[in-house]
Amino acid sequence: MTLGQYSLFRYLTRPSRLGTVAWCEANVYLSPRVPTSEPGQWRSGVVAALCRPGGPLEALDDSGVETVVVRKGSQTALTTTAYCWLGKEMATDPSSAMIVMNSAADAKEKSDETWRPIWEDSPRLQRFVPADRRKSWTKLFQRVNGSPVYWIGANSAGRLGSKPIRRLVLDEVDKYPGQTKSEAGAAALARQRVKSFRKKGLAKILEFSTPTDEGGEINVEYLNGDQRHLWVRCWKCRTEQVMVWSGFKLDMALAKTDAPAAVRGAHYECPHCKEAWTDDQRWAAIDGGEWRATATPRDPRCWSYWLPSWCSKFVTVSYLAAQWIKAQQSRSALQDFVNSECGEPFVHYDQRIRDDQFAQLEGDYAEGELWLSQPTYARDGQPMVVCGCDVQKGYLVPVFRQFAEGGDSGLVWAGDCASLDALDVLAARFNAQFVLLDQRYRTREVQEFCATHAGYIPAMGVTARARALFNSQAVDIDEGRRSGFGRRIELLTFDPDMLKDILASLIQRRDGTPTWLVPRGYAANLNYCRQMTAERNVNGRWLNPLGHANHYWDAECMALLCAIRVGIFRTSRGTDANEADRTGG
């Protein structure tokens, strides 16, 4: 290569002073091979929402922004736009890059359908395609401008390691495999690849996805950022606003008898002047929109965006109206609309316990008192106080609950203590006949304590879905010891999801369930209420999506299981819980 040729090469590949929008309009051609409804030279007007001031493409060009998160609806053309941005970076300032998809098959498909045609069919980019394509231009690996581009399936965790990456694209992160006992989730593993460039301030991460529920990866990352919304002006009153689904008007009464007519009459309405917008007026408003932060970011170098499908020029109001009518047919269809069109996480309202329910559960007695000692709650039979305890590594969280025959119960006391000996003092104070301890974190210590203290029983949740609520077995705590005495104690193994279903039914006061009370004023005990509402049931599994403390919830489950084990609790009036909910024990 002559000096003149080298100088020309350095000029053509110098870091671009153009922003992504200007560079793509000058260099990117979307051929018919690319799956898009707008082939031809790349135009910012097609993806106007992404190009507006303060938007995702501006964030990607800003050296002060490290992570760009987009919680999006469908049909926003974000995937193709992301590849165009990465193409600009590889052409003008080459360095290692990685695109992570849900699977290796998806990665091959996207690489072959969109990424490689952008380079091969854009006249100004063809010079970057290597002459020898057999090794340097495959479906899962390309060497662009001398730097590697890796395509990885999130289900191939081994390929995510040992590669220092400067630019990382995480596509549809909510579909990635989650964390396991032995390894972090795929998204977390991929983010570790940019560490070396992060120290230099050169790393760039772009992640986007349609959301699933509140605990999904994209929603968690969105909340870490500044949560930007697109502000637009009404064509009539010029008032600024954020378009939300409640602003779209559809006659649902008419939809029940004449759905096509209802779809034709659907429109967006300005909440201020009540003027209807056509699709063209909505798209024109997007052309003049501006992205603004709505929250203080937890990570100051993270800009996050909410991009619903109605901020895309590919989506009409009639399409949205038709999808909304279909969404009324089933719960899964409604979730799909909320996720794919609204770009919002689906909240399982009827599968979670609400804070306001505890006001209805308050009894006419004070904390520390036995509820059955009050004349209002007099019952026949012999009551019993039991304790359930969530054992943590450095402390214990017990709850004491008094049960009447049949299962009616009232909370006596809930709190924490420093040791098992301190727990024994509390058990004596409240005259607890039985104490059930979660042995998960301190197995040996808990079992030794139970062996020397009557009425104490260790318990352990099982991860696999069990056929019985619980099973009782005798275990030799001296097994394997040279100087053991063959001491045997009872151990309960239980299904946490089944147990939590029963507890939730008590709190929600479903028909036929026993009374379940908390002391007077406990609805104002925010620590207790928040821990009791930390989990929710998603597809039959109880999850803690936001990782909040849930010790009281676990302790109440232990107290309930203890009452079931000793036979004082019945799942329905007149039905023994032991017979109804388990096969062993």
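**Salt bridges and packing in a predicted model**

What does Glu120 pair with? Its side chain meets that of Arg33 in a salt bridge, 2.7 Å from N to O. Glu120 sits in helix 6, residues 104-121, while Arg33 is in the loop between strand 1 (29-30) and strand 2 (40-41), so this pair ties together parts 87 residues apart in sequence. Arg33 itself is partly exposed, with a relative accessible area of 45%.

That is one of the 34 salt bridges in the structure. As background, side chains of opposite charge can pair when their charged atoms come close.

The next pair is Arg198 with Glu66, where the closest N and O atoms are 2.8 Å apart. This bridge also links distant parts of the chain: Arg198 belongs to helix 9 (residues 195-199), and Glu66 to the loop between helix 4 (56-61) and strand 3 (67-72), a separation of 132 residues. Are these two residues buried or exposed? Arg198 is partly exposed, with a relative accessible area of 32%, and Glu66 counts as buried, at 8%.

Then there is Arg401 with Glu556, at 3.0 Å between the closest N and O atoms. Here strand 17 (residues 396-403), which holds Arg401, is linked to helix 20 (residues 551-566), which holds Glu556; the two residues are 155 apart. Both partners are buried.

Now the network. Salt bridges link Asp61, Lys88, Glu89, Asp93, Arg166 and Arg167.

On to helix 5, residues 78-92. Helix 5 has 15 residues and reaches 21 Å from first C-alpha to last, close to the 21 Å expected at 1.5 Å a residue. How many of its residues are buried? The count is 15 of 15, so by the under-20% cut-off helix 5 is mostly covered.

Lys72 is the next stop, in strand 3. Lys72 counts as buried, at 7% relative accessibility. Leaving out residues up to four places away in sequence, Lys72 touches Leu78, Glu172, Phe208, Ser209, Thr210, Pro211, Leu307, Asn339 and Gly343.

Next, a helix pair. The axes of helix 14 (residues 317-327) and helix 15 (residues 331-340) come within 8 Å and cross at roughly 150°. Angles over 145 degrees count as roughly antiparallel, and these two helices are therefore roughly antiparallel to each other. On the helix 14 side, the contact is made by Leu320, Gln323, Trp324, Lys326 and Ala327; on the helix 15 side, by Ala333, Leu334 and Phe337.

Last, confidence. The average pLDDT is 87, and 88% of the residues score at least 70. Residues 8-13 have a pLDDT below 50, and this stretch has seven contacts in the model beyond near neighbours in sequence. Over residues 572-585 the pLDDT likewise stays under 50.

Methods
Residues are numbered from 1 along each chain as its sequence is written. This is a predicted model: local features need pLDDT of at least 70, side-chain atom pairs count only at pLDDT 80 or more; totals for chains, interfaces and linings use all residues. Side-chain values use heavy atoms; hydrogens and water are left out. A salt bridge is a side-chain nitrogen of Lys or Arg within 4 Å of a carboxyl oxygen of Asp or Glu. Helices (H or I, at least four residues) and strands (E, at least two) are DSSP runs, numbered from the N terminus. Buried means under 20% relative accessible area, exposed over 50%, partly exposed in between (1.4 Å probe, protein chains only). The expected span of a helix is 1.5 Å times one less than its number of residues. pLDDT is the predictor's confidence in each residue, from 0 to 100. Contact means heavy atoms within 4.5 Å. Axes are lines fitted to C-alpha atoms, for helices over the stretch in contact, and angles run from 0 to 180 degrees between N-to-C directions. Angles under 35 degrees count as roughly parallel, over 145 as roughly antiparallel, 65 to 115 as roughly perpendicular and the rest as oblique.
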